[in-house]
Amino acid sequence: MTASNEAEQNQVGTADPAAASSEGIPLLPQDETPSGSTELARELRRLRGLVAGSVYEDVHDAVRTVRELADHLEAVGKPVRPKDYGTWGTPEHIGANPAIGQRNPVSPPLEPVVFPDATVRADLELGIEYQGPPGCVHGGIVALLFDEMLGLANAASKSVGMTADLRITYSSPTPLYAPLRFEARQDRVEGRKIWASATLHAGNTLCASAEGLFVEPCGIRDHERSRPIEG
Ligand SMILES: CCCCCCCCCCCCCCCC(=O)SCCNC(=O)CCNC(=O)[C@H](O)C(C)(C)COP(=O)(O)OP(=O)(O)OC[C@H]1O[C@@H](n2cnc3c(N)ncnc32)[C@H](O)[C@@H]1OP(=O)(O)O
């Protein structure tokens with residue numbers, strides 16, 4: 001086995017995308033939460049990859065440890081319920097998001113950057129916990145990430161919209177453990193209707209493309225549209 005094959009074999013879970021995007025301006029705040037929740041989610045992402053991506057002889061000790069941890073967090077945490085979410089883009093809203101949420105171990109997380117023309121880009125690698133076909137990213141995960149990227153492209157253009165129609169063309173399998181690049185942009189706005197489109201590439205290969213229609217919810221206040229995303 002070559003050194004690079006060995007590294008590939010030993011790779012478990014999704015790579016930390018922290019250093020992925022070296023261009024553009026981060027669209028979301030990068031701050032660690034003072035409470036340590038961001039770090040906790042990062043360690044749980046590692047665990048998620050290890051559990052989904054390895055087989056073990058005996059993990060009963062680990063089960064007890066994790067159960068104690070869950071009992072502890074349940075006892076000391078203050079649940080954030082959806083009804084508490086006052087506005088779009090607040091830390092409470094974004095932190096639990098399954099695609100970009102820094103507090104959510106399910107999220108890769110995407111770390112989008114925005115360019116002067118309001119194009120939004122995210123570079124990442126996805127590990128085995130996102131597998132659909134053998135060695136490939138699950139199509140539903142691709143759809144989730146497209147939906148988020150389109151929503152972020154709208155946010156970068158100061159719009160907020162609910163997904164009304166999302167069309168995805170899967171052109172080529174999306175490989176696991178390969179550098180992936182999402183790019184999204186808002187195409188046009190007519191009244192409350194917003195159109196946005198996006199692509200997903202692995203290297204030079206187009207894996208999938210997406211087109212979405214978003215509808216601005218009635219009653220979004222004007223100041224919400226141009227408010228920066230807080231967390
Ligand atoms: C910048 C500040 C901070 C921002 C911070 C950002 C946070 C960071 C980003 C987070 C990003 C999250 C990205 C995830 C986004 C989701 O996950 S959204 C969840 C999934 N989507 C849903 O649950 C939507 C469910 N559907 C609905 O709620 C309603 O059907 C809708 C979409 C709001 C539309 O309802 P409505 O407001 O009553 O609108 P309605 O009058 O029926 O239609 C308006 C127009 O849209 C058309 N339309 C409506 N639906 C459709 C459709 N399916 N197909 C075609 N046309 C349609 C109508 O024909 C009508 O057209 P016109 O007659 O005006 O030409």
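## The core

Which residues have the most contacts inside the largest nonpolar core? They are M149, L150, L152, A153, F182, A184 and A198, in a core of 33 residues. A nonpolar core here is a set of buried Ala, Val, Leu, Ile, Met, Phe, Trp, Tyr and Cys residues joined through C-beta atoms within 7 Å.

The largest share, nine residues, comes from α5. Those labels are DSSP runs numbered from the N terminus: helices are H or I with at least four residues, and strands are E with at least two. Leaving out residues up to four places away in sequence, L152 touches L27, P112, V120 and A184. Touching, or being in contact, means that the C-beta atoms of two residues, placed from the backbone, lie within 7 Å.

What you're looking at is a predicted model, so local features need pLDDT of at least 70 and side-chain atom pairs count only at pLDDT 80 or more, while totals for chains, interfaces and linings use all residues. Residues are numbered from 1 along each chain as its sequence is written.

The pLDDT is the predictor's confidence in each residue, from 0 to 100. The chain averages 87, and 83% of the residues score at least 70. Over residues 1-11, though, the pLDDT is below 50, and this stretch has three contacts in the model beyond near neighbours in sequence. Residues 15-21 also stay under 50, and for them the model has 14 contacts beyond four places in sequence. Where pLDDT is low, the predicted coordinates should not be read in detail. The model scores ipTM 0.95 and pTM 0.88.

## Around the ligand

There are 24 residues around the ligand, and G89, G151, A155, A164 and V215 come nearest. To be near a molecule or strand, a residue needs its C-beta atom, placed from the backbone, within 6 Å of it. α5, β4 (162-170), β7 and α6 (222-225) each supply at least two residues of this shell.

The shell divides into eleven nonpolar, four polar and nine charged residues. In this count, Ala, Val, Leu, Ile, Met, Phe, Trp, Tyr, Cys and Pro are nonpolar, Asp, Glu, Lys and Arg are charged, and the others, Gly among them, are polar.

## Strands side by side

Two strands pair if DSSP finds at least two bridges between them. β3 and β5 run antiparallel, joined by five bridges; A122, for one, has F182 in β5 as its bridge partner. Ten bridges join β5 to β6, again antiparallel, and Q186 is partnered with A196 in β6. The hairpin of β5 and β6 has two residues between the strands, and in it G191 takes a positive phi near 60°.

β4 and β7 are antiparallel as well, with eight bridges, and M162 has V215 in β7 as its bridge partner. Is β4 buried or in the open? Of its nine residues, the number buried is zero, so β4 lies largely in the open.

P108 and P109 are joined by a cis peptide bond, with omega about -15°. You'll find P109 in the loop between α4 (91-95) and β2 (113-114). A118, in the loop between β2 and β3, has a positive phi of about 70° although it is not a glycine. It counts as partly exposed because it has 15 C-beta neighbours inside 10 Å. Y177 is not a glycine either, yet has a positive phi of about 55°; this residue lies in the loop between β4 and β5.

C136 sits in the loop between β3 and α5. With 18 other C-beta atoms within 10 Å, C136 is partly exposed. C136 and T174 are 38 residues apart along the chain, but their C-alpha atoms are separated by 5.3 Å. Not counting residues up to four places away in sequence, C136 touches Q131, P173, T174, P175 and L176.

How values were computed:
A residue is buried if 20 or more other C-beta atoms lie within 10 Å of its own, exposed if 12 or fewer, and partly exposed in between; C-beta atoms are placed from the backbone.
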